[in-house]
Amino acid sequence: MAKKIIITNEIRKLRFFANEMTQQQLAEKVGASRQTIISIEAGKYSPSLEMAFRIAEAFNVKIGEVFDYEVKGDK
Amino acid sequence: MSYQEKKTIISIVTGLLILIAYFTYTYTKYQSGVVIEGDLKFWATTILVFIGIGIVATIIIQIVFHILLSVAIAVQAKVKDENCDDKEIEKTIELEMVSDEMDKLIELKSSMVGFGVAGAGFMLSLFAIVFNYSPVVMLNIMFASFSIGSILEGFTQLYFYRKGINHG
């Protein structure tokens, strides 16, 4: 059975370095609701690849700088 | 609380009110002896009427909710910034009511719960006939299961909005 993957993100940090961009401003940029941005940031929702790229584009960084993953049980 | 959560709560409340109204009405009629046992025409008519009432009530309540929400957002925007124009307010309202991929995923996963309950209710209603219960029981089980399925769908949506959701 495939191991469980946990997707992590650096959105909070990136927002801070983007002049304290608000969740609403980011939501507007990527065409999502603020609720979705809150959920992604809290790790409660993993966005589609398309939205992940849009988020990375909003910060002008590569997708790998926004999202990373951890394999559960991997030490 | 987000717009989607508020909308879902309104749907749940509407569904509950319709279900309570249906059972109150039919119970009162049944207790008063107006309805003859096994009067299928009465039950079919009542269920059809309540389905109609449900559809109309849902539409009206959703319209009223959207109007009230828009007014609330506009007032909030004006309080925040007195100089904001109508276009800015319209944009704020649009942004508040945006529906995206997470909403669609939550809707999809919750509808599975709704269909599951409705399907189980349909099976149960068939068993009621197999075990020699009146067709009236079958009709009521079907109506109740579809209504409860819809209400549970709403609760599932709320659960996913609070707890989060993942693909797969």
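Chain B averages a pLDDT of 89, with 99% of the residues scoring at least 70; pLDDT is the predictor's confidence in each residue, from 0 to 100. This is a predicted model, where local features need pLDDT of at least 70 and side-chain atom pairs count only at pLDDT 80 or more, while totals for chains, interfaces and linings use all residues. Residues are numbered from 1 along each chain as its sequence is written, and chains are lettered from A in the order in which they are written.

**Confidence**
- For the complex, the predictor gives an ipTM of 0.81 and a pTM of 0.84.
- Within chain B, confidence is lowest in helix H3 (residues 86–96), at a mean of 80, and highest in H4(B), at 94.

**Fold of chain B**
- You get five helices and zero strands here, counting DSSP runs of H or I with at least four residues as helices and of E with at least two as strands, numbered from the N terminus.
- The radius of gyration of chain B is 21 Å, well over the 15 Å from the globule rule for 168 residues, so chain B is more spread out than a compact globule. That radius is taken over C-alpha atoms, and the rule is 2.2 Å times the number of residues to the power 0.38.
- Along its principal axes, the C-alpha trace of chain B spans about 70 × 40 × 20 Å.
- Buried residues make up 18% of the 168 residues in chain B (buried: 20 or more other C-beta atoms within 10 Å of the residue's own, with C-beta atoms placed from the backbone).

**Helix H4(B)**
- H4(B) has 30 residues and reaches 43 Å from first C-alpha to last, close to the 44 Å expected at 1.5 Å a residue (1.5 Å times one less than the number of residues).
- Its buried residues include Met102(B), Ile106(B) and Val117(B), plus Asp103(B).
- Cover for the buried residues of H4(B) includes H3 of chain A, along with helix H1 (3–32) and H5 of chain B.
- Just after H4(B), Asn132(B) takes a positive phi of about 65°.

**Where the chains meet**
- The contact takes 12 residues from chain A and 12 residues from chain B (contact: C-beta atoms, placed from the backbone, within 7 Å).
- On chain A's side, H3(A) gives the most, with three residues.
- The largest nonpolar core has 17 residues, and Leu26(A), Val30(A) and Ile55(A) are among those with the most contacts inside it. Such a core is a set of buried Ala, Val, Leu, Ile, Met, Phe, Trp, Tyr and Cys residues joined through C-beta atoms within 7 Å.
- Helices H2, H3 and H4 of chain A, together with H4 and H5 of chain B, each give two or more residues to this core.

Conventions:
Buried ≥ 20, exposed ≤ 12 C-beta atoms within 10 Å, placed from the backbone. Contact = placed C-beta atoms within 7 Å.
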